[in-house]
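Take a look at the sequence and the 3D structure below. This report walks through the fold, the strands, the cross-links and the surface.

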Amino acid sequence: LESKFLTLSQMKHQGKSQAENLTELIEFVLLDFAEVPHLQWLLFGIFLVIYIVIVMSNGIIFLITKLDPALQTPMYFFLGNFSFLEICYVSVTLPRMLMNLWTQRRTISLVACATQMCLMAYDRYVAICNPLHYPLVMNHKFCIQLVAGSWVSGIPVQIGQTFQIFSLPFCGSNLIDHFFCDIPPILKLACGDTFVNEMMVYIVAVLIVTAPFLLILISYGKIISTILKLPSATSQAKAFSTCSSHLMVVVLFFGSAIITYLRPKTSHSAGTDKVLSLFYTIVTPMFNPLIYSLRNKEVIKALRRLLRK
């Protein structure tokens, strides 16, 4: 009887400890790049410069597409919206990363972590599902409807997925070996069965990332076949130059995102995930203004007009 009583007491104590672990876990720790402490200030400087460049270049494009009368066409309307989205996109992760590198205080509350995950996933959704349409039949009203539709339609999916993940119990370690609250490293910390959550990640990644990526590749295939029919070699070279730079940034963005979210769970490693995430969260937003807008003669002329004023 005494041994049975002790066993019951131990089980009760263990259950109490587990319950305490579940209720006490109210914050995570973003490890960022803690494994290279001697590079913290160098990384802070690099990411600060990158953030300033992204915000300023995209901000300029957004400004001139709204103010310059010559750029009031559907293409530049979508480019302006895309630039605004890029500012929102990097502002979800980079300021937090910079603060962590500056203060060396890497804690983030569960609410803040869930908010960051939701906003990050939502920004990716809007960027992917809002391509640069440019049929001549588009009027301003239809352009606004397309943009509004892309911003609004992603909300239920991303809020639902975030709520589903943060409804899981978290126990044990609260260390996130990443620089923002992304889905794979958060699921690693969850207790219990995460099979349904992982399947939802795969389904959303296929529908929102892989399917649009394949459609974009098909459209580029058609563009390339049209370029090959151009009579002038000079025209072909110029068109290929523009097309190849666009295709490069598309492959970089989609490729890194697809590898991150669609590769098997067993092959995930923190180092690889961080490197891949840098491509689609920081590198492509930095190059997008240069590739899509700042090489464009009309944009350069509009920028000069703005500077003269």
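## Strand pairing

Phe-28 stands opposite Ile-108 in strand S2. This is a predicted model. Strand S1 covers residues 27-30, and S2 covers residues 107-109. The two run antiparallel, and 3 bridges join them.

S1 also pairs with strand S3, residues 175-176. Here the strands run parallel, with 2 bridges between them. In this pairing, Val-29 stands opposite Leu-175 in S3. In a regular strand, side chains alternate between the two faces of the sheet.

## Overall fold

The protein chain holds 10 helices and 3 strands. Along the sequence, they follow the pattern α-β-α-α-β-α-α-β-α-α-α-α-α.

The chain has 309 residues, and 42% of them count as buried.

## The disulfide

How many disulfides are there? The count comes to 1. The disulfide joins Cys-113 to Cys-181, with an S to S distance of 2.0 Å. Cys-113 lies in helix H4 (residues 110-129), while Cys-181 lies in the loop between S3 and helix H6 (183-189), so the pair ties together parts that are 68 residues apart in sequence.

The torsion about the S-S bond of Cys-113 and Cys-181 is about -115 degrees, so this disulfide is left-handed. Are the two cysteines buried or exposed? Both Cys-113 and Cys-181 are buried. Cys-88 counts as partly exposed because its relative accessibility is 25%.

## Salt bridges

Side chains of opposite charge can pair when their charged atoms come close. The structure holds 5 salt bridges. One of them joins the side chains of Glu-35 and Lys-274, at 3.2 Å from N to O. Glu-35 sits in the loop between S1 and helix H2 (40-67), and Lys-274 sits in helix H9 (residues 270-294), so the pair ties together parts that are 239 residues apart in sequence. Why does Lys-274 count as buried? Its relative accessibility is 4%, and buried means under 20%.

Another salt bridge links Arg-305 with Asp-68, whose closest N and O atoms are 2.9 Å apart. Arg-305 is in helix H10 (residues 297-308) and Asp-68 is in the loop between H2 and helix H3 (74-103), so this pair ties together parts that are 237 residues apart in sequence. Arg-305 counts as partly exposed, at 32% relative accessibility. Asp-68 is buried, with a relative accessible area of 7%.

Arg-263 forms a salt bridge with Asp-273, and their closest N and O atoms are 2.6 Å apart. Arg-263 lies in the loop between helix H8 (233-262) and H9, and Asp-273 lies in helix H9, 10 residues apart. Both Arg-263 and Asp-273 are buried. Salt bridges that share partners also join Glu-35, Asp-177 and Lys-274 into one network.

## The surface

The protein chain exposes about 16,700 Å². Carbon and sulfur atoms supply 71% of that area.

Which residues make the nonpolar surface patch of about 620 Å²? They are Phe-195, Val-196, Met-199, Met-200, Ile-203, Val-206 and Leu-207. Val-196 lies in helix H7, which covers residues 195-228.

Methods: Residues are numbered from 1 along each chain as its sequence is written. This is a predicted model: local features need pLDDT of at least 70, side-chain atom pairs count only at pLDDT 80 or more; totals for chains, interfaces and linings use all residues. Side-chain values use heavy atoms; hydrogens and water are left out. Two strands pair if DSSP finds at least two bridges between them. Helices (H or I, at least four residues) and strands (E, at least two) are DSSP runs, numbered from the N terminus. Buried means under 20% relative accessible area, exposed over 50%, partly exposed in between (1.4 Å probe, protein chains only). Accessible areas come from the Shrake-Rupley method with a 1.4 Å probe; for residues, only the protein chains shown count as cover. A disulfide is a pair of cysteine sulfur atoms within 2.5 Å. Patches are made of residues with over 30% relative accessible area and no salt bridge: like charges are joined within 9 Å, nonpolar side chains (Val, Leu, Ile, Met, Phe, Trp, Tyr) within 5 Å. A salt bridge is a side-chain nitrogen of Lys or Arg within 4 Å of a carboxyl oxygen of Asp or Glu.
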